[in-house]
Number of protein chains: 2
Amino acid sequence: MNKFNLKKYIKDRKEKVDSALETYLPKTQGPAGKVVEAIYYSICAGGKRVRPILLMAACDAVGGDHNKVLPAACALECVHTYSLIHDDLPAMDDDDLRRGKPTCHKVYGEAIAILAGDGLLTYAFELMTHPDLLENCAPSTVIKAINVFSKAAGVDGMVGGQTADILFEGKDVDPDTLAYIHSHKTGALIRASVEMGALLGGGSQEQIERLIEYGMALGLAFQVIDDLLDVVGDQDKIGKPVGSDIKKQKATYPALFGIEETRKRANELKDMALNAISAFGFEAEPLRAIACYVVERDR
Amino acid sequence: MNKFNLKKYIKDRKEKVDSALETYLPKTQGPAGKVVEAIYYSICAGGKRVRPILLMAACDAVGGDHNKVLPAACALECVHTYSLIHDDLPAMDDDDLRRGKPTCHKVYGEAIAILAGDGLLTYAFELMTHPDLLENCAPSTVIKAINVFSKAAGVDGMVGGQTADILFEGKDVDPDTLAYIHSHKTGALIRASVEMGALLGGGSQEQIERLIEYGMALGLAFQVIDDLLDVVGDQDKIGKPVGSDIKKQKATYPALFGIEETRKRANELKDMALNAISAFGFEAEPLRAIACYVVERDR
């Protein structure tokens with residue numbers, strides 16, 4: 001049997017997500033066309049589509065068909081993109097560049113950027129009720145997925161993490177607060193991507209619980225490595241200046257524990273993720289390869 | 001039979017909404033507690049609870065029980081409040097006062113205000129999947145209501161209207177664009193409140209269609225009168241300086257058509273709303289009284 005080819009897998013899936021986004025994003029014209037233009041600008045700015053790909057992989061891992069959950073995959077990318085647009089605003093992280101391109105408010109102005117974020121967040125929930133999703137998933141399952149999604153994105157998830165991140169900028173952060181920021185700001189939505197995929201794919205309670213565990217470990221590993229790349233990464237690859245977290249006095253894992261300890265922690269989290277899904281068969285191979293890639297990536 | 005007492009009805013319903021908000025709003029503490037504090041500040045700033053009351057009244061009008069749809073009523077107030085917080089931001093309408101109190105960003109800063117808005121919008125969809133709502137409404141009905149809700153709040157609804165409002169500030173606006181701004185910025189969510197109530201209350205297709213018509217007319221009337229009060233209103237009653245739309249060169253109905261024509265238009269819209277529900281019985285009396293009140297109000 002051939003070794004699983006992650007590079008090809010990611011490329012295929014990313015193309016599938018990009019084409020689904022073309023299908024499912026709003027086509028609004030007229031007086032509000034500008035905000036939809038800003039939405040396309042940010043969605044098409046070269047994202048890795050990590051969350052949609054995770055949702056699709058988790059769906060397949062429980063025996064579902066990722067082609068049947070594409071609106072939900074796109075909804076995740078909408079929420080992720082809205083969070084980037086709002087995080088980049090002058091009143092928040094005040095970033096001019098994102099993935100090597102001018103940020104949304106730099107191109108469209110602050111008002112349109114705020115509205116583009118609001119529009120994307122709202123649209124995510126419209127996509128979760130899209131007829132194409134309901135054709136393949138029971139309404140009660142979709143409701144559960146929306147519940148998981150909204151909790152992960154809201155004040156007890158991503159918004160909460162971003163709040164803490166902003167409030168603790170320039171302040172001494174203890175390990176507990178750092179863990180809160182990591183698990184909420186990035187971890188919650190990554191965990192939800194996996195959980196939503198497992199739910200919509202029709203997974204058993206046991207499978208869903210294993211995948212939640214996988215998603216939690218993966219989400220933390222993802223943020224820990226993001227922090228690390230801000231210290232040791234290559235600006236051309238990560239698409240923003242190296243050291244920007246340090247300059248903003250952001251709480252990061254390397255700042256608190258050093259580079260070696262950070263690498264060790266990331267590897268532990270990878271092992272936790274792999275262990276959580278050890279009972280799954282070959283259909284979970286993409287999730288295993290993704291866990292390894294997240295920890296070894298350089299961008 | 002006694003005449004329907006709208007004043008008492010509104011007071012009772014408002015108390016019910018306020019108490020439901022206390023029950024259903026997030027209780028988050030810890031690092032993200034600040035954003036929840038900002039959410040409470042804005043939600044408790046003296047809103048009239050128009051949208052929740054409309055949802056409950058439409059639910060009752062089709063023979064449902066408004067006590068069984070309280071999470072959805074609260075969800076509407078969350079989305080309405082988020083829209084006010086974001087509209088007031090310096091990059092948007094730049095308002096310091098809202099209902100006579102300092103706006104959210106004046107008290108908590110811009111970053112927390114943006115996050116409070118994002119948190120409220122997200123939380124609205126969490127509330128739409130609350131167990132208390134699902135206990136009383138079929139999942140497929142709740143999905144339909146979420147679909148209506150997200151469309152009304154998003155780029156083809158409220159966000160679209162606000163985008164046009166911002167883009168046309170200080171510019172000559174033709175009647176078509178003004179109609180677009182009105183029907184999207186305020187009208188869409190008011191219409192959705194009524195439609196969601198009719199759906200969740202178990203209304204027939206015919207009842208729902210009548211109520212959508214009622215909601216569209218009411219939403220327009222509401223905005224036309226809002227514009228009028230900005231010209232002829234009493235600052236103490238409306239909670240913001242009279243003439244602030246004119247100062248910001250906002251497109252308004254009185255600016256385009258004059259005060260008399262505006263009053264005439266509001267009365268026509270009231271009649272359209274009343275006609276739409278003429279076949280309903282006494283259980284629609286609150287909706288009738290609300291339509292009259294909206295056009296006759298002075299605040």
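## Two helices of chain A

In this predicted model, local features need pLDDT of at least 70, side-chain atom pairs count only at pLDDT 80 or more, and totals for chains, interfaces and linings use all residues. Helix α11 (residues 205-232) of chain A and helix α15 (residues 259-276) of chain A have axes that come within 8 Å and cross at roughly 160°. Here, axes are lines fitted to C-alpha atoms, for helices over the stretch in contact, and angles run from 0 to 180 degrees between N-to-C directions. Helices are DSSP runs (H or I, at least four residues), numbered from the N terminus. Residues are numbered from 1 along each chain as its sequence is written, and chains are lettered from A in the order in which they are written.

α11(A) and α15(A) are therefore roughly antiparallel to each other, a term for angles over 145 degrees. The crossing of α11(A) past α15(A) is left-handed, meaning that the near helix is turned anticlockwise from the far one by less than a right angle. Sorted by class, their contact has 16 nonpolar, one polar and five charged residues. Ala, Val, Leu, Ile, Met, Phe, Trp, Tyr, Cys and Pro count as nonpolar, Asp, Glu, Lys and Arg as charged, and the others, Gly among them, as polar.

## Where the chains meet

Now to the interface. Chain B and chain A bring 47 residues each to the contact, where two residues are in contact if their C-beta atoms, placed from the backbone, lie within 7 Å. On the side of chain B that touches chain A, α6(B) gives the largest share, with 12 residues. By class, that side of chain B has 27 nonpolar, 14 polar and six charged residues.

Of the interface residues of chain B, 100% are also interface residues in chain A, so the copies meet through the same surface.

## How the copies are related

## A look at Ile112(A)

Ile112(A) sits in helix α6 (residues 110-127) of chain A. Ile112(A) is buried, with 25 other C-beta atoms within 10 Å; the cut-off for buried is 20 or more such atoms. Beyond its neighbours within four places in sequence, Ile112(A) is in contact with Lys34(A), Val35(A), Ala38(A) and Thr163(B).

Notes. Angles under 35 degrees count as roughly parallel, over 145 as roughly antiparallel, 65 to 115 as roughly perpendicular and the rest as oblique. A residue is buried if 20 or more other C-beta atoms lie within 10 Å of its own, exposed if 12 or fewer, and partly exposed in between; C-beta atoms are placed from the backbone.
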